[in-house]
Amino acid sequence: MAEIVLDHVTKRYADGTVAVDDFDVRIADHEFVILVGPSGCGKSTTLNMIAGLEDITEGELRVDGRRMNERAPRDRDMAMVFQSYALYPHMTVRENIAFPLKLAKMGRAEMEERVERAAGLLDLAPYLDRKPAALSGGQRQRVAMGRAIVRDPKAFLMDEPLSNLDAKLRVQMRTSISRLQKNLGTTTVYVTHDQTEAMTLGDRIVIMRAGLIQQIGPPQELYDHPRNLFVAGFIGSPSMNVLPARLEEGRLRTPIGDIPLRGRLRRAVEGPDVPRDVIAGIRPESFEDAALVHDADGGGTFTGTVDLLESMGPEKLAYFTLDTGAVRSEHLTEAGGEEEAGEGCQLVAQLDPKSGARRGQPVRLWYDTQAVHLFHPETGENLTER
Amino acid sequence: MNRGKGRALTEGQRAERRLGLWLCAPAAIVMVVVTGWPIVYSVLLSLQRYDLRFPEDKAWIGLSNYATVLTSEVWWNAFWVTLLITVVSVAIELVLGMLLAFAMYRAIVGRGLIRTVVLIPYGIVTVAAAYGWKYAWTPGTGWLAGLLPEGSAPLTERGPAIAIIILAEVWKTTPFMALLLMAGLAVVPEELMRAASVDGATLWQRFTRVTLPLMKPAILVALLFRTLDAFRIFDNIYVLTNGSQGTGSVSISAYHNLIGGLNLGIGSTMSVLILVTVAIIAVVFILGFGTAAPGSER
Ligand SMILES: Nc1ncnc2c1ncn2[C@@H]1O[C@H](COP(=O)(O)OP(=O)(O)OP(=O)(O)O)[C@@H](O)[C@H]1O
Ligand SMILES: [Mg+2]
């Protein structure tokens, strides 16, 4: 168990690629931190630098205050779980789990006891004498976890450990990883590109993009207060709706109606460098079927024809096409990726299952105007959060 | 793979199998004609008294040629020399080959150059290379002989001559070993090495506990190929010593009896014995160590 500090760490590969740029995070003891971001943003590189599998070009890595930059992976006392699990195919499950202990020259009795305990925690007891080739994907994943927890390391480093599992198993393993980490209290850095995993697992999330940290914070904070358009688009599923908007006297013109500039919206647009054309963001959850809203104060309404209706069980997702061009921004392309190729501006609203909305029929929606975010069209900065 | 054991084949599978056999047939026929027949012919010759110097004495004599060879001191001397050369050279080749394989596989700069340089000895005709070694060790003119004390002629003494034969053999075939081993190295996933180093393994532990076990199939295949090859050693010895001073291998003995002595019976007997030994080596490797042909699953 340990505190891990990445002090302005930069990674430049031999070919000049800057994979991680000025990464500066303090990970507290016992903390579960998620590194999330689109493919190629430098998550694995960061994790490998912590593990010692990649050299650090600039900056310092400290564990419990001690500089680690020059230490070999074996002297860092960290355990890693790989996406491919990286189990040793010539060893049985027992030997795989015991491998780190054997290398540490642990006594036979204690080694066996520890392996049994880890196997018990992960329900692996019946498979201890099998080779990895004779295991299912989920079981292999658990063996990889077992190999990590068995030695009681200073930290767990996990690189997309669940991405090779099917959806159901992934949810199951997600909960057990979360429970395991809470019980063991081991500092954990977990890499994923899946925003749901990020939201559900971590104490804190670090969102990266092209080697740069975009925002650090607890899941709810990132969800409620995204610092920029990229974070807003990345966190949340379905993604936040983004609409072109124009600032006019005392109100904001959007394709879903005019919104009075009051309170935080007013303060947001008061700055000197705010252009007239901005980007408005509103989460699908901020909509509701107007027929089901009784206390409609502080909200706007909008009537549209439902293109497509998805019943998810506890909610309905209604899709609309607005008669305005979609917002084009470099801050969005990498993030959600959900944007339809079509020209029209898409809108998704999450409605109560009792809603009477039907495909092809017009429906009147209510939305919470106070939940609207405004973004700078060029920098992507969230104007409502500065 | 479907072994077809206890399971009825569908019409399609049977047709496919038939087509497979037809496609293999030309190669199989050529094999039978060019290798099968000479083997059968050698066996037939080995059962006869047949010396071209006394053709009228030709007769079927059963296994007595085998008795003659197997009780001959010359044969056993050749056999042990061959075994010694085989074991020592293959062992050295394995170690050197492994080092070279790593160098070729890991090289970051000049990878192409290193691979080419390593392969040069393998590209030179054995006889030409053997003459190179012979001149190098010839007293008075050779550059290697010049390094030795005055008056020594290594190729005329048994021990040094065998050492030189082994050296020539190792120099010539290590690249082949390295190439086979490199193919084995390439199948060890990089991620396992990373996992092992995080798990606390040193470079040496990663090699012995992960790389070697995973390379075992490739190592066994390389050893099998090289052992079979080394046991039949001929050209290096032929050029370097021609088998004098008790440095001849079994192949050299067979050659001397067949071509030099024109004794087809005894020469063929020796050839058949070499074949049998080689077959035993192969069987030991395949059944004893579980060596699998490259490409087949465990
Ligand atoms: N050995 C290398 N040499 C040069 N560039 C590299 C090397 N390894 C990775 N990169 C580059 O560094 C960047 C970050 O890579 P990294 O593997 O950390 O991404 P990632 O966030 O883990 O992506 P993914 O989600 O696809 O795993 C990428 O642009 C990649 O092309
Ligand atoms: Mg990665």
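In the predicted model, helix α3 of chain A comprises 14 residues, 108-121. The distance from its first C-alpha to its last is 20 Å, close to the 20 Å expected at 1.5 Å a residue. Five positions of α3(A), namely A:M111, A:R114, A:V115, A:A118 and A:A119, are buried. Viewed down the axis of α3(A), the buried residues fall within an arc of 135 degrees and so line one face of the helix. These buried residues pack against α2 (93-103) and α4 (137-149) of chain A. Just after α3(A), A:D123 adopts a positive phi of about 55 degrees.

Over all chains, 32 salt bridges were counted. One of them joins A:R147 to B:D199, with the closest N and O atoms 3.4 Å apart. This pair crosses between chains, running from helix α4 of chain A to the loop between α7 (190-198) and α8 (203-231) of chain B. Both A:R147 and B:D199 are buried.

Within chain B, B:R226 forms a salt bridge with B:E169, and the closest N and O atoms are again 3.4 Å apart. B:R226 belongs to helix α8 and B:E169 to helix α6 (residues 158-186), so the pair ties together parts of chain B that are 57 residues apart in sequence. B:R226 and B:E169 are both buried. A salt bridge also links the side chains of B:D229 and B:R232, at 2.6 Å from N to O. Here B:D229 is partly exposed, with a relative accessible area of 35%, and B:R232 is likewise partly exposed, at 42%.

In chain A, a network of salt bridges connects A:D7, A:E60, A:R62, A:R67 and A:E70.

Terms used
Residues numbered from 1 in each chain as written. Chains lettered and ligands numbered in written order. Predicted model: local features only at pLDDT ≥ 70, side-chain atom pairs only at ≥ 80, totals over all residues. Heavy atoms only, no water. Helix = DSSP H or I, 4+ residues; strand = E, 2+ residues; numbered from the N terminus. Expected span 1.5 Å × (residues − 1). Buried < 20%, exposed > 50% of the residue type's maximum accessible area, 1.4 Å probe, protein only. Arc of directions from axis to C-beta. Contact = heavy atoms within 4.5 Å. Salt bridge = Lys/Arg side-chain N within 4 Å of Asp/Glu carboxyl O.
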